[in-house]
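Here are a few notes to read beside the structure. Keep the viewer open and check each point as you go.

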Amino acid sequence: MKIICIGRNYANHIEELKNERPSEPVVFMKPDSAILLKQHPFVIPEFSEDIHHEIELIVKISKVGKYIEPKFAHKYYDEISVGIDFTARDLQAKLKAKGLPWEKAKAFDGSAVIGEFLPKSQFVSLENVTFELTNNNVTVQKGNSSMMMWNIDELVSYVSQFFTLKIGDIIFTGTPEGVAAVKPDDVLEGFLEGQKLFRIQVK
């Protein structure tokens, strides 16, 4: 399986990092080795002193597809959840300054937290779902899918123009504002419409 990630999909997050607003989705990838194993802590890697949390709404692909039209995109996923795209912000800044790819800062081992998936039928509208991240029981990020620049179906359609989507692939749909550094002993919990879908200890 592969993890397809979308960057700069929330205007407020673009502003907080002072990035340029894109005219189309920003796409990057994580390998399956980036997935943080269940019940394992997130260990801050030695190559970074500024690891940021980025909570995101995530989608699991349930059907093989290529060149999917937006109006049919909803047929290609049945479950959603929340996850964290851990980012080595200091390393990313250096790579961006040189015009280099972000993978070392975004795709390292353990950089993808994947919460428990819920059936999308459980939600009235996927264009109005609220999700949040708490750190030591304090809300640090909160977003709603209505704030996306490109919604889930548009993203599924867009990425399928470049990559064949396969069963089990996961799409990270972008993070809202509020990204910040993590430190040892932090406890991160992710919620989707009030349901806790992951709990991660930082070491």
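1. With which side chain does the side chain of Glu132 make a polar contact? The partner is the side chain of Thr139, at 2.8 Å. Keep in mind that this is a predicted model.

2. Stay with Glu132. The residue sits in strand 9, which covers residues 130-135. Glu132 is buried, yet it has no salt bridge. Lys142 is the nearest side chain of opposite charge, and it is 4.6 Å away. A salt bridge needs the two charged groups within 4 Å.

3. Look around Glu132 next. Leaving aside neighbours within four places in sequence, its contacts include Ile55, Gln141, Glu189, Gly190 and Phe191. Thr139 and Lys142 are also among them.

4. Move to helix 2, residues 89-97. Its buried residues are Arg89, Leu91, Gln92 and Leu95. Seen down the helix axis, they fall within an arc of 155 degrees, so they line one face of helix 2. An α-helix has 3.6 residues a turn, so residues three or four places apart point the same way.

5. What lies on either side of helix 2? The cover over its buried residues includes strand 3 (51-53), strand 6 (87-88) and helix 3 (103-106). The face turned away from the buried side carries the exposed residues Lys94 and Ala97. Gly99 follows helix 2, with a positive phi near 70 degrees.

6. Finish at Ser160, in helix 4 (residues 152-160). Ser160 is buried, with a relative accessible area of 0%. Its side chain reaches the backbone oxygen of Ser157 at 2.8 Å. Not counting residues up to four places away in sequence, Ser160 touches Lys66, Tyr67, Ile68 and Leu165.

Technical notes: Residues are numbered from 1 along each chain as its sequence is written. This is a predicted model: local features need pLDDT of at least 70, side-chain atom pairs count only at pLDDT 80 or more; totals for chains, interfaces and linings use all residues. Side-chain values use heavy atoms; hydrogens and water are left out. Helices (H or I, at least four residues) and strands (E, at least two) are DSSP runs, numbered from the N terminus. Buried means under 20% relative accessible area, exposed over 50%, partly exposed in between (1.4 Å probe, protein chains only). Lys and Arg count as positive and Asp and Glu as negative; His and the chain ends are not counted. A polar contact is a pair of N or O atoms within 3.5 Å; within protein, one must be able to donate a hydrogen and the other to accept it, and residues adjacent in sequence count only if both atoms are side-chain atoms. Contact means heavy atoms within 4.5 Å. The arc is that of the directions from the helix axis to the C-beta atoms.
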